Amino acid sequence: SRVAWAVLVNGLARGSSVVTPYLVDQILLWLNGAWNKNSKLYALLPKVEKKTSLSFADTVAPSVLQFETLAKYEIVDNDTVLERTYDFASGEILALLSNNAFTLAEAVVTVDKFKTILQLIEVSAALDMEAEQANPFIVSKEAEEVAQWSFKKEVIKRLRELLKNSNIFVQTPSSLHPYVSLRASPDLLATAWEALTNTECVLEQLINNHQSNPAIVGPWNSNCTSVKIGPLA
């Protein structure tokens, strides 16, 4: 829910939706205070079922979150919460409910977990190389220089750093060519990192694209591409 709200506010901040600054301020107060377990706001957070109605646009999850928070309470500060029906301005309910913030939030969390897994796999690959007395050329500076693309160069460099002071640089390799999984590990890891980076670029484009009811059409540039992106009203 917190990631979804962050995605939503990011979209609202672009000024392409009909919402009042006060509503955005209320969302930010929830966003910054409700996940502190010592805050009064924490007890007011509803239980939002995950992976429900995830699509373009989400329906169930944002409806539950917004109805049980913004529609019922007004935050004065972290210690003062008024229980009253919020008087939504024209267009605000549509902006809050007609968006894909929860779908993108699930994607962001998943990609972040996958990145952690890849980092662990790199450590495991380095440990395997040491355990199998792998040929150190796999992670040598020479291998890095002749690597075909930047992601492979980066993987080789990180593996070499992980194996710093390892015995594989001073002992005789177990064989000229270690197991295929070790010899090809920089290629496999580099391919995975490249795919992950491309996925992050797509998510960046989607997050920075239109997230709610459009009032203004404006193309925006992504750091991941030279192509202009934006909503179509």
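**View 1. Buried residues of helix α1.** Helix α1 buries A4, W5, V7, L8, V9, G11 and L12, where buried denotes under 20% relative accessible area with a 1.4 Å probe, protein chains only. Helices are DSSP runs of H or I of at least four residues, and strands are runs of E of at least two, both numbered from the N terminus. The model is predicted: local features need pLDDT of at least 70, side-chain atom pairs count only at pLDDT 80 or more, and totals for chains, interfaces and linings use all residues. Residues are numbered from 1 along each chain as its sequence is written, and side-chain values use heavy atoms, with hydrogens and water left out. The packing partners of the buried α1 residues are α2, α3 (60-68), α4 (92-97), α5 and α9, contact being heavy atoms within 4.5 Å.

**View 2. Helices α1 and α2.** The axes of α1 (residues 2-12) and α2 (residues 21-33) come within 10 Å and cross at roughly 150 degrees; axes are lines fitted to C-alpha atoms, for helices over the stretch in contact, with angles from 0 to 180 degrees between N-to-C directions. The pair is therefore roughly antiparallel, the term for angles over 145 degrees. From α1, the residues R2, W5, A6, V9 and L12 meet V24, I27, L28, W30, L31 and N32 of α2. This contact of α1 with α2 comprises 9 nonpolar, 1 polar and 1 charged residues; Ala, Val, Leu, Ile, Met, Phe, Trp, Tyr, Cys and Pro count as nonpolar, Asp, Glu, Lys and Arg as charged, and the others, Gly among them, as polar.

**View 3. Helices α5 and α9.** Helix α5 (residues 101-131) and helix α9 (residues 185-207) have axes that come within 11 Å and cross at roughly 165 degrees. This makes α5 roughly antiparallel to α9. On α5 the contact includes L104, V108, V111, F114 and L118, and on α9 it includes L189, W193, L196 and L203. The residues in the contact of α5 with α9 fall into 16 nonpolar, 3 polar and 3 charged.

**View 4. The whole protein.** The protein has 9 helices and 4 strands, which follow the pattern α-α-α-β-β-α-α-α-α-α-α-β-β along the sequence. Of its 233 residues, 39% are buried. Among contacts between residues at least 6 apart in sequence, 68% join residues at least 24 apart.

Key. Parallel < 35°, antiparallel > 145°, perpendicular 65-115°, else oblique. Buried < 20%, exposed > 50% of the residue type's maximum accessible area, 1.4 Å probe, protein only.
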